[in-house]
Amino acid sequence: MTVHFIGAGPGAADLLTLRAVRLLNEAPVCLYAGTYLDAEVLSHCPENAELIDTQRIDLDTITAHLVAAHEAGKDVARLCSGDPSIYSAIAEQTRRLDRAGVPWDVTPGVPAYAATAAAIGRELTVPEVAQTVVLTRAQRDSTSLPPGEQLATYAATKATLVLHLAIRHTRRLAAELAEHYGANCPVVVGSQVTQPDELILRGTLADIADQVEAAGLRQAAVIIVGWALEAEDFVESHLYGTRIRNRP
């Protein structure tokens, strides 16, 4: 039996991949983070499935559930918010499963920042404005960042910046980023994007903290910073431009 780590996407039940839905349909056990998922996502599980909310249990307890299901001959769907490749803690879980001899696989999902960009109809890479997207997070209240990964290092590049796990530090981060991007740099905050309580905030580094605090946002939100968010007068990409091709 296998543990399937499944990207649940930003929360909407219809934004899971076909593979994810099939695995959920077939899994008699499902572990999910109730903080980040719309309950409708769980409608893809069988009626008699064992549903375990992981938001208040530690990693060892989660692993114990995964191992117990495997030993009972049951496949497990382990839902991860967004895409499992970033900030999903699957590295810690798969390491434990390897030690226990439990097989596992990973199904990707739609990341929250991509859903936020879609909601505002913006591309995060715009010709000669921004060609790099940096995915990172806040320093405080979480694992320390490795040497060389300070926020200022990335901000100095003027790349489009996507901040996860950072919403509680918006005011401090906005002040720090304004030194590099300028106080009038556009910012978008996406909270529970694609879910019934979706909230999109648009502003600048000068005023976004006021908006976040007024909305009472404390979790399940992503912050996107960069000039690509409002770029209008930019050159067109050579990818689809008219080109004279050499004929053989």
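S1 and strand S4 (residues 76-80) pair in the parallel sense over 5 bridges; two strands count as paired if DSSP finds at least two bridges between them. Strands (E, at least two residues) and helices (H or I, at least four) are DSSP runs, numbered from the N terminus. This is a predicted model: local features need pLDDT of at least 70, side-chain atom pairs count only at pLDDT 80 or more, and totals for chains, interfaces and linings use all residues. Residues are numbered from 1 along each chain as its sequence is written, and side-chain values use heavy atoms, with hydrogens and water left out.

**Sheet**
- Histidine 4 stands opposite alanine 77 in S4.
- An open sheet of 5 strands runs in the order S3-S2-S4-S1-S5, with parallel pairing.
- Its edge strands are S3 (50-53) and S5, and each pairs on one side only.
- Neighbouring strands are turned by 20° against each other on average, direction ignored.

**Helices on the sheet**
- Helix H1 (residues 18-26) lies across S1, strand S2 (29-32), S4 and S5, at about 140° to S1.
- Axes are lines fitted to C-alpha atoms, for helices over the stretch in contact, and angles run from 0 to 180 degrees between N-to-C directions.
- Helix H3 (residues 90-100) packs on the sheet and touches S1, S4 and S5; its direction makes about 170° with that of S1.
- Contact means heavy atoms within 4.5 Å.

**Aromatic pair**
- The structure holds 1 aromatic pair.
- The ring centres of phenylalanine 5 and tryptophan 104 are 6.4 Å apart and the planes stand at 80°, so the pair is edge-to-face.
- Rings of Phe, Tyr and Trp (its six-membered ring) pair if their centres lie within 6.5 Å; planes under 30 degrees apart count as stacked, over 60 as edge-to-face and the rest as tilted.
- Phenylalanine 5 sits in S1 (residues 3-7) and tryptophan 104 in S5 (residues 104-107), 99 residues apart.
- Phenylalanine 5 is buried at 0% relative accessibility, while tryptophan 104 is partly exposed at 32%.
- Buried means under 20% relative accessible area, exposed over 50%, partly exposed in between (1.4 Å probe, protein chains only).

**Salt bridges**
- The whole structure has 5 salt bridges, each a side-chain nitrogen of Lys or Arg within 4 Å of a carboxyl oxygen of Asp or Glu.
- Aspartate 60 and arginine 96 meet at 3.2 Å, N to O.
- This pair links helix H2 (residues 59-71) to helix H3, 36 residues apart.
- Arginine 171 bridges to aspartate 210, with the closest N and O atoms 2.6 Å apart.
- Arg171, Asp210 and Glu213 are linked in a network of salt bridges.
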